[in-house]
Amino acid sequence: MRTTSMSEYYNVSDIFGVNVFNDNVMKERLPKKVYQKLHETIQDSSELDLETADIIAHEMKEWAIEQGATHYTHWFQPLTGVTAEKHDSFITSPDAQGKVLMSFSGKELIKGEPDASSFPSGGLRATCEARGYTAWDCTSFAFVRHDAAGATLCIPTAFCSYTGEALDQKTPLLRSMQAINEQSLRLIRLFGNTTSRKVTPSVGAEQEYFLIDKEKYLKRKDLIYTGRTLFGSMPAKGQEMNDHYFGSIRPRIAAFMKDVNTELWKLGVPAKTQHNEVAPAQHELAPIFETCNMATDHNHLVMEILKKTANEHGLQCLLHEKPFDGVNGSGKHDNWSLTTDDGINLLDPGKHPHDNKQFQLVLTCIMKAVDRHADLLRVSAADVGNDHRLGADEAPPAIVSMFLGTQLESIIEQLIENGVATHTPKGEMLKTGVDSLPDFMRDATDRNRTSPFAFTGNKFEFRMVGAQDSISMPNVILNTIVAEAFKEACDELEQADDFDMALSAYLRKLAKEHQRIIFNGDGYSNEWVKEAGRRGLPNIRTMVEAIPALTTPKAVELFGKFNVFNESELQSRAEILYEIYAKAVNIEARAMINITHKTLIPSVIKYVTSLANSINAVKAACGCDISVQTELLTESSSLLSQARKALQALETATDAGLAMNAGKEQAEYYSENVTAAMTALRAPIDKLEIMVDKSMWPMPSYGDLIFEV
């Protein structure tokens, strides 16, 4: 088990980015003209010529070798939900004397050819059609990763098929960033900004996770197979005392967090915040904002390093959205804003939002985008694990709405009434009543942790995303739907004879037409579900219900308009999601069947037998009262019988699902029938866990897992 010694303390600024081929390294090592050419390529989204790429590749290789690297890999994000890589060494063919050289060309830097046949393609590629390409994303820095394999130069890349379709998460993300940049520049030009050259989505992804003891984890086959507990009764205490939230971090966890930070900082990931979350054994890590694609790359690194470092500390990191029933699950809050290359945040309302016409247009366009495409935002957070989390007490409901707060809601109300806002509600002085504590101005708007899409000062926080998911798709959706709203606004306002008059009318129109999406109340309440229904807002409860949104005519038109997805790419992603859902639920069902057959039923039989033997022994010895033993025997035998029947029903349902062809119909069947059968089996088993002697129960309990870390 890893521990931290005093000799390992360091200055963060000395280690930050030491394993990254970042801008400072490139400026130092590349010829000035090459460095400038690369920057022009990044700024203008133009293609890099091979001669320049050769020079960059050579210097990148030399730097990586200095870091101890022997291999390089094109690091990409296929539609598996995790990253992928194929390693090649730098060595060339031996010469006549048997000596090898270390080389790395511009062609090898720019393009790779991994086998694409075994990655999910949703029908875009047949198994026999194997060729795929990876292409260097020069807007995200290469880095050297140190692990058991040694040191490897990792080059962030996009991944596409032989016929050009995107087979990954990154390609559509980069396309969507191009779209939002183009339309955002049009919008700010309306207000006289002629100096900003680029607008980039800025993202900060808060990452929640659980840590449990590795030895206990290895005794839970359900956790090993599925990432969540398929059985388990809550202990006497859960999270109801709220004592874990922001509580003092235990030494073992603190040592883990320190090592996580060290690894992330070396890789240039700006990890900033760490704390205990609400549920026992649950924690959170949050970074500083970065450009959208780098934030996505870095979040994948965060998840990898959390799991790797946990193992080094004798822990297991669980990223499933709901690893334990009865306590909070884990999400990934996607904080999104738009920033110009000269530092202007388009979502900053300023001190006087009622005078900030540009912000008002940005805000009402986002209202329009979220209202019009709520179904797409919902599908961007669709995940098998998230079906257990969304709508529960700790997560946003499956209904998409926007929280603006009292200050901005007042601005919207004024726009609706008058077409112009004339005043901004101000925060008041907060007095603590303690002379030694300072009084200070409180914000004009409170926060709302129940909203799935909440404005939080100068950004929107999309809180529906699942803990184990890539943040790519949520940001693809956000970038594209907002780009569409900006485009429609610019199309109309650029033609206006009287811009101010047209702007006032347009702001009023958007505010009035899309005010239904604003909800500042308790998103967890039953009243909101009813109210959302009255407003006509969709309540998409499950992943399977959400998937069709990807292939509607509205979605095909939207993504085609901005060249983010073509219709085939959308169809393929829908097919992949259906397949992922059915496979995941099938694995869970098979795991339940296996565990129940091999460990749980035999353990209960052992317990029932011991009770029966106890009854017979007491009867023979003294004829004393055996009512307690008899009652326990009757109840446990009844539950055992219920479990057996439920097990048989689950086996029948699972077999029927397996016999179906993969796709929508199979996924719907698993969602409606297999998950219900799983719930029916869990109910008697969880009751039996409470009754059976702990020494006879074959796996660690919830109390063992979440309190004994």
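Mentor: Begin with the naming: helices (H or I, at least four residues) and strands (E, at least two) are DSSP runs, numbered from the N terminus. Residues are numbered from 1 along each chain as its sequence is written, side-chain values use heavy atoms, with hydrogens and water left out. This is a predicted model: local features need pLDDT of at least 70 and side-chain atom pairs count only at pLDDT 80 or more, while totals for chains, interfaces and linings use all residues.

Trainee: Where does D49 lie?

Mentor: D49 sits in the loop that links α3 (32–44) and α4 (50–66).

Trainee: Why does D49 count as partly exposed?

Mentor: Buried means under 20% relative accessible area, exposed over 50%, and partly exposed in between (1.4 Å probe, protein chains only). D49 is partly exposed because its relative accessibility is 30%.

Trainee: Which residues form the negative surface patch?

Mentor: Patches are made of residues with over 30% relative accessible area and no salt bridge; like charges are joined within 9 Å, and nonpolar side chains (Val, Leu, Ile, Met, Phe, Trp, Tyr) within 5 Å. Areas come from the Shrake-Rupley method with a 1.4 Å probe, and for residues only the protein chains shown count as cover. A salt bridge is a side-chain nitrogen of Lys or Arg within 4 Å of a carboxyl oxygen of Asp or Glu. Asp and Glu count as negative, Lys and Arg as positive, and His and the chain ends are not counted. A charge is placed at NZ of Lys, CZ of Arg, CG of Asp or CD of Glu. Here the negative patch consists of E47, D49, E51 and D54.

Trainee: Which residues make the nonpolar surface patch?

Mentor: I65, I91, V100 and M102 make a nonpolar patch of about 290 Å². V100 belongs to the loop between β3 (87–89) and α5 (106–110), and V100 is partly exposed because its relative accessible area is 34%.

Trainee: How many residues of strand β13 are buried?

Mentor: Eight of the nine residues in β13 (residues 332–340) are buried. In the loop between β12 (315–318) and β13 lies G329, which counts as buried because its relative accessibility is 4%.

Trainee: Which strands run antiparallel to β13?

Mentor: Two strands pair if DSSP finds at least two bridges between them. Strand β8 (residues 199–213) pairs with β13 in the antiparallel sense over nine bridges, with V203 opposite W336. Strand β18 (residues 460–462) also runs antiparallel to β13, joined by three bridges, and E461 of β18 faces N335.
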